[in-house]
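Here is a walk through a two-chain model, going from the overall build down to single residues. Keep the viewer open and follow along.

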Amino acid sequence: VVHSVGGMPSTSLRLPAPRFAITRRVLDNGLRVLLVPDRSTPVVGISVVYDVGIRSEPQGRTGFAHLFEHLMFQGSANLEKMAHARYVQSSGGSFNGSTHFDYTEYHEALPSNALERGLFLEADRMAGPALTEETVQNQIAVVKEEIRVNVLNRPYGGFPWLYLPGVMYETFPNAHNGYGDFIDLEAATIADATSFFTSYYAPANAVLCVAGDFDANAAWTMVERHFGAIPARRTPRRPSFAEQLADGQRQGSVTDQHAPLPALALGFRVPDPAGLPVEYLAHVLLAEILTDGDASRLWRALVHDSGLVTDVSAYLGEFGDPFEERDPVMMTISAFYPEPAARADVIGTVDAELDRIATDGLLDGELDRVRTRFVAALLRGLDATIDRSSALAKFELVHGGADVLTELPRSLTGVRDADITAAARGLLGQSRAVLDLIPEGRS
Amino acid sequence: VTRPVPSFTGVPELAPVRRPRKLDFAERRLASGLSALAVRRTGVPLAEVRLRIPFGSSTRSHPSRAAMLAECLLAGTAERSRVDLAEALQRIGASLAASVDADRLSVAGSGLVTRLPDLLGLLAEVLTGAAFPPPDVARERARLAERLTIARTQPGVVAREALEHRMWGDHPYTRDLAQPEAVRAVSAAQLRALHRDRVVAPGATLVVVASLSCEAALDHVEAALDGWTGPAGSAALPPLPPLTTRPVQLVDRGGSVQSALRLGGTALPRQHPDSPALVLANLIFGGNFSSRWVSNIREDKGYTYSPRSTISHHALGSIFIAAADVATEVTAAALMETTYELSRIATLPVTAEELAAAYHYATGSLALSISTQAGLAATLAQLAAVGLGPQYIADQPARLAAVTTEDVLRVAGDHLAPSHLVTVVVGDAASVAPGLRRLADLDLE
C-alpha cells in the first residue's frame, strides 16, 4: 500500500490519502469485480455486495431482505446446511453478512491460503442457495431471537433507526420497519425467497471485491473459474426511492419497556449523495462539527455546559455510515436526557447551535481539525483487509466507483467554511422529523 | 431454487499456509520502570498506542473512584481545559480514551504517525498532570451514574453480575462495575489522590505499533514519557476463592421475552501447558459459529441468535463462560441441550477432523487479529500485561499443533464438565422456573 500526500493550502496538516492497486473487470455475466492485492500480511478479504436492501422489500414482507441474508448461509445445490461456516472456519477464517437500506453484504476474512476456497463459497451461493421449508422456519425463529435480543429485550433497542424513518417518510420503501414485523416474518415462504433471489441476486446486480495477499493474475483465473460459470440473468432496474419532504414538523413516539430515561431523535433531510457533491460532504463534516467529541458544538453546549444530556450524536445514514445510502438520506441527531422537563431546552439548544454556525460561521481551525480526524478515522477503517474489500465494494456499488473512496480525503478538502454554514442554514429552514422515546423501565 | 448450476468440482483445497512475517519489534525499559514495546508495521500511515497500568484494589470505594478517574482523565490538565485537549487531539487526527477494569487502567490512542510525538506528549500530559477540575468531575459523576443505571437494565449486565457473584462471592472482581450511588459520592480530591498514588510508571506497559522504525518510536516514547514516574509497588488483590457447585440461580426479570443463560467456570492461563488444549476444546464446544453448541441450539433448534462460549484471562485467573440469550418458552430445553453438549465434550473424545478444524480456526484467527495495527497493538498489550511478548504469538501455532484428542478430552473433563460450572439464568421466573426445576435444584432470587 502506497500513500500519497495530498491536501490544499487551507489545511494546516496535510492529509494522507489511501492509494490501492485496484484493477477492475466485468465478467460476461455482468458481475463487477475489483482486485486489490497487498502482500504485506497473509490474509485476504472477500466481499460481495448485492444491490438490494431494506428499501426493496415487498409490502407485507417487512424484514425480508434481512431474513433472506440469513438464508444465504443455509446451504446450496452443492453444500449442505452449516457447510459454509465449517469450510470458512476450518480454514481459519471468519464470515458474516449484513443487510443495509440499499444493499446486502457478505464477506469472508481468510488466511490467504484459503483464497480459492472462499471464492468458491461465494460463487456457490450466488449460483443458488438451497431453500427448504425447514431452513426457512429455522431462520425465522433465529431472526426473531435476534430481534428480541437487539430490540425487544433491551433498553433503547432499535432507537432511533427502526422508528425515525417511519416519522420522516411517507412511502413504504423508506418508512417501514427494516427488522420486520413478526407477522410478516412468519408469513415468509419459499416462493417469496425464490422470487427475491431471482430478482435481485443476479451476478450483474452484484460487486465482488477481493483484497489482500494474492497474485492478481492467479486471482483473476480463480474468479473466472468460479464466478464466470454462473449464468447471466436479467437485472432489475433499481427504482428511485426519492420522496418529496412533507411540510411541517413531523412527530412520532415510541414507548420502551426497559429504558429508564427519555431520549429524542431529530431527522433532517440532506442533499442527494449521488456523486458526493460538496453540499453532501458539507453535511458529513457538519455532523462531526456538531458531535465529534469534547471539542464539538453539541457536546460543549449540551453535555458540558448545560448538562442537559448524557449523550448526543449526529450522523448521516441510518446506521451511522454517511456513505452507504442513496437518496433519500437523513441526518439524525439523537440525545439521551435524564430530566424529562428538559426536552424543549435540548431541541432549543440544537437549533441555537445550528443558528450560531449559520450566522457566525465556524471558529478558526474548526473545520480543519474536524476534517483531519475524520480522515484519520477513515484510514484506520481501511487497515483491516476485510474492511478494505467491503468498503471498496460498497463504493463501487453505491457511488459508482471504488476510486471515489480513495479520492475522499481530497474531496473533503474541497469543503469550505461557507459550505458548512450553508448546510447549517439549510437544516434550520426545513421541516423535520422528531421522534420521542418514552421510557417505561425502572429507574 | 432450481436453476442451472456450475458443474460441481468440489470445494477447493487449501494452498500451503503463508505465515505472517516475523514481527519487527524492539523493547526498552525506561528508568521510571515503564516497559515499552514498539513494533513497526506498515499499512495505514497511523500509530496505535496502548498503555496498561496495574490498578486492582480490594478497597470498597475503589471501583467507583477508578471508574470516575477513567471518565475524567481527559477532563483537563494544569495547562489545558477539556476542550483544549480535545481540540489538540483533533488537530493531529488522534484520539485518546481511558477505561478501567478490576485489574488495570488502560489508555488507548491512535493518530497520524507523523504526529506520534504530539500524541505521546498529550498522553504524558494527562498521566503527569490530569487536573480533575471540580465542575467537570461533578458533571461526569451524574453522567456516569446515569450510564450505570441504564447498563443495569440490560439483561446481559444483570446476568454477568449474578454469575460473578455466584463464582466469586464477595471478591473485588465482582465489584468491577461501579454502583451509581458510590459514583455520586466521588470527589475531585479523591481522584487527584488516586491519580497520584496509582497512575504511576513502575509496572506499567506501553505498546506502540506504527509505520515507523522501532527505535524511532521508542525514542519518541522516552522523550515524551521521561517525566512520568511514581513509586513502585501496587496493592495486591486476594486470590479468587475456589468455585463451589451450587444450584442453578434464577434471577427474576418479569416480562422478559428471553432468558439470559450463563454458565461459568475456571479456565487455564495462557502460560499453562494445557492452555492450547483448552482453547481448542472451547472452540469445538461453542467458540465459533460452526461449533457443536451453536449448531445445536441455533441452527438445528432455533432457540437463540448468538450463543457463544469464550475463555478470558484476568490477572488472578482465567475463566470459561458459555452465554446464550434464548426464547423464554425454550429456556429449560436450551439448558438441557447445553448441559448435553458440555457433558459430551467432557466424556467422549472429539474427532480428529474436529480437532484439525479448531486448530486451523485458532491459528487463522490469530493471523487475522494481528493483521491490523490496532489488532496487533491490542493483542500485544494484553500479552505484555502478563509478561508475555511477541514470541508468544510466533510460538502459538506450534503449541496448538501439538494438542491431541486425548489432551482435549482431559482438559474438557477438568474445565467444561457441567459439574464444574456455575449456572445463572436471568428471565421471567414465573414462566421459566417450572421447566428449570425439572433439570436442577433452583435458587430463586
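## Ground rules

Helices and strands here are DSSP runs numbered from the N terminus, with a helix needing at least four residues and a strand at least two. By that convention, A:P160 sits in the loop between α4 (133–152) and α5 (164–168) of chain A. Bear in mind that this is a predicted model.

## Chain A as a whole

Chain A carries 17 helices and 13 strands. Its radius of gyration is 23 Å, close to the 22 Å that the globule rule gives for 443 residues, so chain A is as compact as a globular protein of that length. Along the principal axes, the C-alpha trace spans about 60 × 55 × 35 Å. Of the 443 residues, 65% count as buried.

Look at the contacts in chain A between residues at least 6 apart in sequence: 81% of them join residues at least 24 apart. The chain exposes about 14,900 Å², with carbon and sulfur atoms supplying 49% of that. As for charge, there are 38 positive and 57 negative charges, and their mean positions are 4 Å apart.

## Chain B as a whole

Chain B has 16 helices and twelve strands. A compact globule of 445 residues would have a radius of gyration near 22 Å, and the 24 Å of chain B agrees with that. The C-alpha trace covers about 65 × 55 × 50 Å along its principal axes, and 56% of the 445 residues count as buried.

For contacts in chain B with a separation of 6 or more, residues 24 or more positions apart account for 80%. The accessible surface comes to about 17,300 Å², and 54% of it belongs to carbon and sulfur atoms. The charged side chains are 43 positive and 43 negative, with the centres of the two sets 2 Å apart.

Start with α10(A), residues 278–291. Its 14 residues reach 20 Å from the first C-alpha to the last, close to the 20 Å expected at 1.5 Å a residue. This helix is mostly covered, with eleven of its 14 residues buried; among them are A:Y280, A:H283, A:L286 and A:L290. Just after α10(A) comes A:G293, which takes a positive phi of about 80 degrees.

Now try α9(B), residues 275–287. It has 13 residues, yet its end C-alpha atoms are only 15 Å apart, short of the 18 Å that a straight helix would reach. Twelve of the 13 residues of α9(B) are buried, including B:P276, B:L280, B:N282, B:F285 and B:G287.

Most residues other than glycine have a negative phi, and most peptide bonds are trans. Against that background, a few spots in chain A deserve a click. The peptide bond from A:F159 to A:P160 is cis, with omega near -5 degrees. Another cis bond runs from A:D327 to A:P328, with omega near 0 degrees, and A:P328 lies in the loop between β11 (311–316) and β12 (329–336).

Then there are the positive phi values. A:M82 is not a glycine but has a phi of about 75 degrees, and it is found in the loop between α1 (64–71) and α2 (83–89). A:L276, also other than glycine, has phi near 40 degrees and sits in the loop between β10 (263–270) and α10. Are these two buried or exposed? A:M82 counts as buried because its relative accessibility is 8%, under the 20% cut-off. A:L276 is buried too, at 8%.

B:R298 belongs to helix α10 (residues 292–300) of chain B. At 8% relative accessibility, this arginine counts as buried.

B:A394, in helix α14 (residues 390–401), counts as exposed, with a relative accessibility of 52%. The C-alpha atoms of B:A394 and B:R19 are separated by 9.4 Å, although the two are 375 residues apart along the chain.

Key
Residues are numbered from 1 along each chain as its sequence is written. Chains are lettered from A and ligands numbered from 1 in the order in which they are written. This is a predicted model: local features need pLDDT of at least 70, side-chain atom pairs count only at pLDDT 80 or more; totals for chains, interfaces and linings use all residues. Side-chain values use heavy atoms; hydrogens and water are left out. The radius of gyration is taken over C-alpha atoms; the globule rule is 2.2 Å times the number of residues to the power 0.38. Buried means under 20% relative accessible area, exposed over 50%, partly exposed in between (1.4 Å probe, protein chains only). Contact means heavy atoms within 4.5 Å. Accessible areas come from the Shrake-Rupley method with a 1.4 Å probe; for residues, only the protein chains shown count as cover. Lys and Arg count as positive and Asp and Glu as negative; His and the chain ends are not counted. The place of a charge is taken as NZ of Lys, CZ of Arg, CG of Asp or CD of Glu. The expected span of a helix is 1.5 Å times one less than its number of residues.
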